[in-house]
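Here is a short tour of one protein chain, written to be read with the structure open beside you. Take a moment to turn the model around before you start.

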Amino acid sequence: MAPVPAGFDETSPIFSIAAAAELAGLHAQTLRQYDRLGLVQPSRTAGNTRRYSMRDVGRLRQVQLLSSEGVSLEGIRRILEMSDENRELRQRVRHLESALADAVMQQQGRRVFAAGTTGITTIRAGARPSKPGSIVLWRPTTH
C-alpha cells in the first residue's frame with residue numbers, strides 16, 4: 001500500500017463521482033440517488049461537483065451490502081444514523097475518560113514521577129517512562 005501524502009486522510013474528498021462509483025462497484029446514478037436520500041453526503045467543490053473520500057466509499061459499500069441483504073433504503077438510513085451516533089458517543093466517552101484521567105493525575109498524592117538524564121517529569125500511573133534508564137518514584141496515598 002502506498003503511503004498517504006501529507007495532509008490527506010480517510011476524510012479527504014479526492015474522488016470524482018465516476019472514481020467513487022468504480023471503487024464502490026456501483027453506478028454513478030446510484031451515488032447521486034444516495035446523495036439525494038442523505039445516505040452518503042460527499043463534499044462539494046466550488047463548482048458544486050461531488051468529491052468523495054475513502055470514508056464515503058466505505059459507506060457506499062456498506063449501503064450496497066445492506067441493500068443486497070434486503071434492507072430498505074429507509075432502514076439503511078436509520079442503521080447508518082445509529083452507527084454514526086454510536087461512533088460519536090464512543091469518541092465522547094474516550095474524551096471524557098481522558099479528561100477524568102487527567103483530573104485524577106492532578107489530585108494531591110496521585111502523581112508518578114520519572115527521573116532521568118533530562119530531569120524529573122510527571123507520567124501517568126501505570127505508564128512507563130519514555131526514556132530507558134529512568135527511575136520511577138511513586139508514593140501511594142494513605143486514607
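## Where α3 meets α4

Let's begin with a pair of helices in this predicted model. The axes of α3 and α4 lie 10 Å apart, and the two helices pack at an angle of about 135°.

Which residues make the contact? On the α3 side they are Arg59, Gln62, Val63, Leu66 and Ser67, and on the α4 side Ile76, Ile79, Leu80, Asp84 and Arg87.

## Where α1 meets α3

Helix α3 also packs against α1, at an angle of about 50° and with the axes 9 Å apart. Here again the result is an oblique pair, α1 to α3, and the crossing of these two helices is right-handed. If you want to find the meeting point on your screen, look for Ala20, Leu23 and Ala24 in α1, which meet Val57, Leu60, Arg61 and Gln64 in α3.

In soluble globular proteins, nonpolar side chains tend to be buried together. In this chain, the largest nonpolar core has 18 residues, and those with the most contacts inside it are Leu31, Tyr52, Leu60 and Val63.

Leaving aside neighbours within four places in sequence, Val63 is in contact with Tyr34, Leu39, Val40, Ile76 and Leu80. Val63 is also one of the α3 residues that make the contact with α4, where Ile76 and Leu80 are among the partners.

## A closer look at α4

How far apart should the ends of α4 be? With 34 residues at 1.5 Å a residue, the helix should span 50 Å, and its end C-alpha atoms are 50 Å apart, so the two values agree. The buried residues of α4 are Ile76, Leu80 and Met105.

Arg77 lies in this helix as well. Is Arg77 buried, partly exposed or exposed? Its relative accessibility is 27%, so Arg77 counts as partly exposed, between the cut-offs of 20% and 50%. Leaving aside neighbours within four places in sequence, Arg77 is in contact with Leu37 and Leu39. The C-alpha atoms of Arg77 and Gly38 are separated by 7.7 Å, although these residues are 39 residues apart along the chain.

Asn48 is found in the loop between β1 (43–44) and β2 (50–51). Its phi is near 70°, which is a positive value in a residue other than glycine. With a relative accessible area of 52%, Asn48 counts as exposed, because the cut-off is over 50%.

## The chain as a whole

Now zoom out. The chain has four helices and five strands, and from the N terminus on its elements run α-α-β-β-α-α-β-β-β. Buried residues make up 20% of the 143 residues. Among contacts between residues at least 6 apart in sequence, 45% join residues at least 24 apart.

Definitions and conventions: Residues numbered from 1 in each chain as written. Predicted model: local features only at pLDDT ≥ 70, side-chain atom pairs only at ≥ 80, totals over all residues. Heavy atoms only, no water. Core = buried A, V, L, I, M, F, W, Y, C linked by side-chain atoms within 4.5 Å. Buried < 20%, exposed > 50% of the residue type's maximum accessible area, 1.4 Å probe, protein only. Contact = heavy atoms within 4.5 Å. Expected span 1.5 Å × (residues − 1). Axes fitted to C-alpha atoms, helices over the stretch in contact; angles between N-to-C directions. Parallel < 35°, antiparallel > 145°, perpendicular 65-115°, else oblique. Left-handed = near helix turned anticlockwise from the far one by under 90°.
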